[in-house]
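Here are my notes for you on this structure. Keep the 3D view open and follow the points in order.

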Amino acid sequence: MATPPHLASQLAVNVLDAHSLLAAFGVLGVGVVLFAETGLLIGFFLPGDSLLFTAGLLCTASADRGLHLSLGPLLVAAAVGALAGSQCGFLIGRKAGGALLARTRSAKLREGAQRAEELLERYGHAKAIVLARFVPVVRTVLNPMAGALGVPARTFTVWQTVGGLVWSLGLTLAGYALGSSIPDIDKYLLPVIALIVVVSLLPLAVELLRSRRAAREVRG
C-alpha cells in the first residue's frame, strides 16, 4: 500500500536539518522542538538557533515558495515551546536532582552540565539563566541544573522568561527581517545561519571578556 505524501515526508524528516523539520511539521514543529531542546535532556542535539532563524525567513515573501509560514502563529509557538520547555526542565531537575545528568553517557551533556554550573557560580542566577539561552547544549542542561542546585523557582521563572523571549522571538524576527530586506536570501541560508549562531554567542563572549578584565583589575 502506498504511503501518503505528507506522511512520507514526516517519516523521512532529518531532525538535524531545520528546513526538513519545518517542511514536515510546520509551525507546530517549532514549538515541539524548542520544548524538547530546552526541557528534555534527549533534545540537546536539536537545531534550535537555526530552526528559529529559518522559520522566520520562511515567513517572508522572498522565501521558498514551496514552504511558507505565518509569522504570528510562529512567534506564539516559539515562545510557548521555549518557555514551557525550560520550566519543565527546571521541575525535572528539582525532583530528580543531579541523578539524570550524573548517569548520562554523553560527553556533550557532561561538558554542558559543567559549563552550566560554572555560569551559575560565576554570574549569579539571573545573568546565567539569560546567557545560557544563547549557548547550544548549555541551554538544555542549565534548566535541570538550576532545579538540582536549588535556584529559587520565582527567580528561575522570571529570568528564563526574559531570556527565552529574547532568544526565541529575537532569532525568529531576525530571520524575518533579513528575508524581508534581501531578495532570495534563502539561497545563502547555510552561511547566514552560521553567522546567526556566531552572533547569538556574542552576549556570552562579551560577558566573559568583561569578567576577565574585572579579574585582572582586582589582581592588579
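1. Start with one term. A residue is buried when its relative accessible area is under 20%. On that basis, 45% of the 220 residues of the protein chain are buried. Keep in mind that this is a predicted model.

2. Next, the overall make-up. The protein chain contains ten helices and zero strands. Its pattern along the sequence reads α-α-α-α-α-α-α-α-α-α. Now look at contacts between residues with a separation of 6 or more. Of these, 77% join residues 24 or more positions apart.

3. Find helix H3, residues 48-57. The buried residues include Leu-51, Leu-52, Phe-53 and Leu-57.

4. Now set H3 against helix H8, residues 153-181. Their axes come within 6 Å and cross at roughly 45°. The crossing of H3 past H8 is right-handed.

5. Which residues make the contact between H3 and H8? On the H3 side they are Gly-48, Asp-49, Leu-52, Phe-53, Gly-56 and Leu-57. The H8 side includes Trp-167, Leu-171, Ala-174, Tyr-176 and Leu-178. Sorted by class, this contact has eight nonpolar, six polar and one charged residues.

6. A second pair to check is helix H4 (residues 71-96) and helix H7 (residues 138-148). They pack at about 40°, and their axes are 6 Å apart. That angle makes H4 oblique to H7. H4 also passes H7 in a right-handed crossing.

7. The contact between H4 and H7 uses Ser-86, Gly-89, Phe-90, Gly-93 and Arg-94 of H4. From H7 come Asn-143, Pro-144, Ala-146, Gly-147 and Ala-148. By class, the residues divide into four nonpolar, five polar and one charged.

8. Turn to the interior. In soluble globular proteins, nonpolar side chains tend to be buried together. Here, the largest nonpolar core has 25 residues. Those with the most contacts inside it are Leu-22, Val-30, Leu-34, Leu-51, Leu-52, Leu-69 and Trp-167. Helices H2 (18-39), H3, H4 and H8 each give two or more residues to this core. H2 gives the most, with nine residues.

9. Take Leu-51 as a worked case. What does Leu-51 contact, leaving aside neighbours within four places in sequence? The list is Ala-18, Leu-21, Leu-22, Val-30 and Val-33. Beyond this, a second, separate core has 22 residues. Among them are Leu-109, Ala-128, Ile-129 and Phe-156.

10. Last, inspect Val-137. It is in the loop between helix H6 (107-132) and H7. Most residues other than glycine have a negative phi. The phi of Val-137 is positive, near 70°. Is Val-137 buried or exposed? Val-137 counts as buried because its relative accessibility is 13%.

Technical notes:
Residues are numbered from 1 along each chain as its sequence is written. This is a predicted model: local features need pLDDT of at least 70, side-chain atom pairs count only at pLDDT 80 or more; totals for chains, interfaces and linings use all residues. Side-chain values use heavy atoms; hydrogens and water are left out. Axes are lines fitted to C-alpha atoms, for helices over the stretch in contact, and angles run from 0 to 180 degrees between N-to-C directions. Helices (H or I, at least four residues) and strands (E, at least two) are DSSP runs, numbered from the N terminus. A crossing is left-handed if the near helix is turned anticlockwise from the far one by less than a right angle, and right-handed if clockwise. Contact means heavy atoms within 4.5 Å. Ala, Val, Leu, Ile, Met, Phe, Trp, Tyr, Cys and Pro count as nonpolar, Asp, Glu, Lys and Arg as charged, and the others, Gly among them, as polar. Angles under 35 degrees count as roughly parallel, over 145 as roughly antiparallel, 65 to 115 as roughly perpendicular and the rest as oblique. A nonpolar core is a set of buried Ala, Val, Leu, Ile, Met, Phe, Trp, Tyr and Cys residues joined through side-chain atoms within 4.5 Å. Buried means under 20% relative accessible area, exposed over 50%, partly exposed in between (1.4 Å probe, protein chains only).
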